[in-house]
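The tour goes stop by stop.

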Amino acid sequence: SSPIAPSSPIRVLVVDDDATHREFLREVLELKGYEVKEATNGKEALEILNEGEINLMLTDYQMPELNGMDLLRELKARGIDVPVIMISANSDVEKEALESGAKGFFGKPYDYEDLLAVVKEVIGEGKIGVSSPIGSSPAEVGKKISKAELATLLKRITFLELLTAYF
């Protein structure tokens, strides 16, 4: 029998000009077994999307250079088919985001467990060519984070905030 090829990780692109929020999302997603790439604005996101396969994009709405809504329009114009979940402190843009093609919308502040559930659901929609991250069973992807894991993440984020505030 032929050996089973290892499954490729699910790649998530996090787009946000807020470094602390980007870091939080990266930590939570990596803890769940996703491979994460980061961009600080829509222009950088387009460059990363041109480089390789991204299975899902989480993007902020308000960013310099190319905001989340303009990024959605640009994806459509270029024929780039990647599911997008938009996150914004401005809940007034939810309807526009969903009508522009976003698969989900989260207003800040949001519950990270709800976000992970939607990430898992959206990734599940595009099952062709998408498999569980290496070393993760499907049950592990999207599982709840324990209070201890969350406390560790929050400590790391607080440390990052302190570093960025003083350096």
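**Stop 1: two helices.** Select helix 2 (residues 42-51) and helix 3 (residues 68-78): they pack at an angle of about 30°, with axes 10 Å apart. Axes are lines fitted to C-alpha atoms, for helices over the stretch in contact, and angles run from 0 to 180 degrees between N-to-C directions. Helices (DSSP H or I, at least four residues) and strands (E, at least two) are numbered from the N terminus. Helix 2 and helix 3 cross in a right-handed sense; that is, the near helix is turned clockwise from the far one by less than a right angle.

Now show side chains. From helix 2, Gly42, Ala45, Leu46, Leu49 and Asn50 meet Leu71, Glu74, Leu75 and Arg78 of helix 3. Contact means heavy atoms within 4.5 Å. Sorted by class, this contact has five nonpolar, two polar and two charged residues. Nonpolar covers Ala, Val, Leu, Ile, Met, Phe, Trp, Tyr, Cys and Pro; charged covers Asp, Glu, Lys and Arg; the others, Gly among them, are polar.

**Before moving on.** This is a predicted model, in which local features need pLDDT of at least 70 and side-chain atom pairs count only at pLDDT 80 or more, while totals for chains, interfaces and linings use all residues. Residues are numbered from 1 along each chain as its sequence is written, and side-chain values use heavy atoms, with hydrogens and water left out.

**Stop 2: the cavity.** Select Leu25, Val28, Leu29, Leu58, Tyr112, Leu115 and Leu116, which line the largest cavity. Its volume is about 30 Å³. A cavity is a set of points on a 1 Å grid over the protein atoms alone where a 1.4 Å probe fits but cannot get out; lining residues have an atom within 4 Å of a point. Points are joined across faces, edges and corners, and the volume is the space filled by probe spheres set on them. Helix 1 (19-31) and helix 5 (112-125) each supply at least two lining residues. The lining has seven nonpolar, no polar and no charged residues.

**Stop 3: loops.** Go to Pro109, in the loop between strand 5 (104-107) and helix 5. The peptide bond from Lys108 to Pro109 is cis, with omega near -5°. Next, pick Pro83, between helix 3 and strand 4 (84-88). Beyond four places in sequence, Pro83 contacts Asn55, Leu56, Met57, Lys103 and Val122.

**Last stop: confidence.** Colour by pLDDT, the predictor's confidence in each residue, from 0 to 100. The protein's mean is 80. Over residues 1-6 pLDDT stays under 50, with zero contacts beyond four places in sequence. Where pLDDT is low, the predicted coordinates should not be read in detail.

Methods:
On a 1 Å grid over the protein atoms alone, a cavity is a set of points where a 1.4 Å probe fits but cannot get out, and a pocket is an open set with protein on both sides within 12 Å along at least five of seven lines; lining residues have an atom within 4 Å of a point.
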